[in-house]
Amino acid sequence: MIRKTPLYDSHVASNATMVDFGGWEMPVRYPTRILHEVAQVREDVGIFDVSHMARLIFSGVDAGRFLDTVLSVRASRLTHGQGRYHLICNDKGGIIDDAIVYNLEKDRYLLVVNAGNAEVDKQWLSEKMDEFIEREDGDVGFIDSTDDIAMIAVQGPKAVALLGELTNDETNSIVRFHAGEATLDGERILAARTGYTGEDGFEIMFDSSHAPEIWSLLVDAGATPCGLGARDALRLEAGFMLHGNDITAEHNPYEAGLRWAVKPNRSEYLFGDVLRHIRDNGTTRKMSGFAMRSRGIARQGHRIYADGEEIGIVTSGTHSPTLGSPIAMGYIGVEHSELGTDVQIDVRGKTVEAEVVAMPFHPHSY
Amino acid sequence: MYPDDLKYSDEHEWARRNDGDVVEVGVTHYAQDTLGDVVFVELPEVGSKVDQFDKFGEIESVKAVSDLFSPVSGTVTAVNSDLEQSPELVNSDPYGDGWIMEVKLDDPAELDALMDSEAYQEILE
């Protein structure tokens, strides 16, 4: 059964092209089209319906201590309102999902995970939580609040000013990777200074019954509705991984270049040993960025060669609307991953010359 | 959106017979609208042979890549090299500045296998 966000009717009324994404019927683009939507986010302000992302709320006096055992960072160290990007790993060190955890208030944490992984995440976290409760007689539980809370990303150089105007400046004091409460259109919202575009902005969460009104208010205030197509191009330009494409349970954080999101030297962390082992032994492949040097757009699944030898595979690729040229990311053997290395990509039978380049492809604005 | 002087294929290409046995070929409004922003068109070589309903090139948008299928058989006599720098012409003017190639027909009777505007619009419904 395909799910619909509380903004479904708003998207259809705007003549959005809808697609199935992670079990949700989502707008891939509006009639304004992807290039325009991307440009609005880079130069002005765009809004995205991200209500499909699952929101899990953990509570109980041991909630922080439990999360420390399963997340790649120490959640219990977060101050109230603080958030942190992290990974949910399995017992082989593979990446089940990437997510953001917020410490909302004492003994209450919010975990925002990818829509397509929500069921797998919930099952894994439930299993580990039952073991934790059994082992430590712990007090922790979680609820899935996805249907009760809507979420809109407001992104772009004018996003902070726009939300400030609409909240009587309440959101202006919220700093990057922190969340705070504010009043928008008479409703209480939680505004997190986060995003997936490389631009400054917020992801706001509020009671889902107000979603169409708040969406319209943002549009009337000058924000451009953007679909998943623009979101994917923006995140790729910003060098952000997409779970399912660029990172999966078959990849570990070290080869993915996500060492910074993993704190394995903690005795309470269930997967610290396996991750330290991977870290200390080194990895054979490395997530790398590619710029095309001849015509053609590398896409997911295209194979990468050096001197006729296959060295890796593209995990995401597109035409970059901001750069006006093709970009891609993927895994290649570490011995080929030095910046500036020439590689060849098989684009549907045609050899395209490419070069290993640094990510992000477009610099973050914050 | 679907001019009467064109012939249409069910792969969403059009052919326009100008003078003699040469036709202009492009993609339809429906095709460009479904693809979204076109960012790359792989053009055939002038002088190469194309066959009716066979692949002759590729067209890519930000999100997707599609094959181009020739509505007629013949020899490519010209390609729209403006598309190398300005692929968005396919979106903004699919029947004019966004044309893709010109083909000298092997057999003008092949045009009878294509649809007129009315028949094409029926398959879009």
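Predicted model: local features only at pLDDT ≥ 70, side-chain atom pairs only at ≥ 80, totals over all residues.
Me: How does the radius of gyration of chain B sit against the globule rule?
Reply: The radius is 13 Å, close to the 14 Å that the rule gives for 125 residues, so chain B is as compact as a globular protein of that length. Its C-alpha atoms fill a box of roughly 35 × 35 × 20 Å along the principal axes. As for burial, 41% of its 125 residues count as buried.

Me: What sheet do the strands of chain B make, and in what order?
Reply: An open one of 6 strands, ordered E1-E2-E3-E9-E8-E5, with antiparallel pairing.

Me: Which strands are at the edges?
Reply: Strand E1 (7–8) and strand E5 (49–50) of chain B, each of which pairs on one side only. E1(B) pairs with strand E2 (residues 13–17) of chain B in the antiparallel sense, over 2 bridges. There, Tyr8(B) has Trp14(B) in E2(B) as its bridge partner.

Me: Switching to chain A. What's in there?
Reply: Chain A has 8 helices and 19 strands. The radius of gyration is 21 Å, close to the 21 Å the globule rule gives for 366 residues, so chain A is as compact as a globular protein of that length. Of those 366 residues, 51% count as buried.

Me: How is chain A divided into domains?
Reply: Domain 1 takes 8–53 + 147–237, domain 2 takes 54–144 and domain 3 takes 284–357. The C-alpha centres of domain 2 and domain 3 of chain A lie 35 Å apart.

Me: Which residues of helix H5 in chain A are buried?
Reply: In H5(A), residues 159–166, the buried ones are Ala159(A), Val160(A), Leu162(A), Leu163(A) and Leu166(A). Seen down the axis of H5(A), these fall within an arc of 165°, so they line one face of the helix.

Me: Why would residues a few places apart point the same way?
Reply: An α-helix has 3.6 residues a turn, so residues three or four places apart end up pointing the same way.

Me: And what covers that buried part of H5(A)?
Reply: The cover includes strands E9 (149–155), E10 (179–184), E11 (187–192) and E12 (201–207), plus helix H6 (211–220), of chain A. Just after H5(A) comes Asn168(A), with a positive phi of about 55°.

Me: What about H7(A), mostly covered or mostly open?
Reply: Mostly covered: 9 of its 10 residues are buried. Among them are Leu228(A), Arg231(A), Asp232(A) and Glu237(A). The buried residues of H7(A) pack against strands E1 (17–21), E2 (24–29), E3 (46–49), E16 and E17 (325–333), and also H2, of chain A. After H7(A) comes Gly239(A), whose phi is positive, near 75°.

Me: Last one: how many residues does each chain put into the contact?
Reply: Chain A gives 11 residues and chain B gives 8 residues. On the side of chain A that touches chain B, helix H2 (34–43), helix H7 (228–237) and strand E16 (309–320) of chain A each give two or more residues. By class, that side of chain A has 5 nonpolar, 3 polar and 3 charged residues.

Key:
Residues numbered from 1 in each chain as written. Chains lettered and ligands numbered in written order. Domains from an automatic or database assignment. Contact = placed C-beta atoms within 7 Å. Helix = DSSP H or I, 4+ residues; strand = E, 2+ residues; numbered from the N terminus. Nonpolar A, V, L, I, M, F, W, Y, C, P; charged D, E, K, R; others polar. Pairing = 2+ DSSP bridges. Rg over C-alpha atoms; globule rule 2.2 N^0.38 Å. Buried ≥ 20, exposed ≤ 12 C-beta atoms within 10 Å, placed from the backbone. Arc of directions from axis to C-beta.
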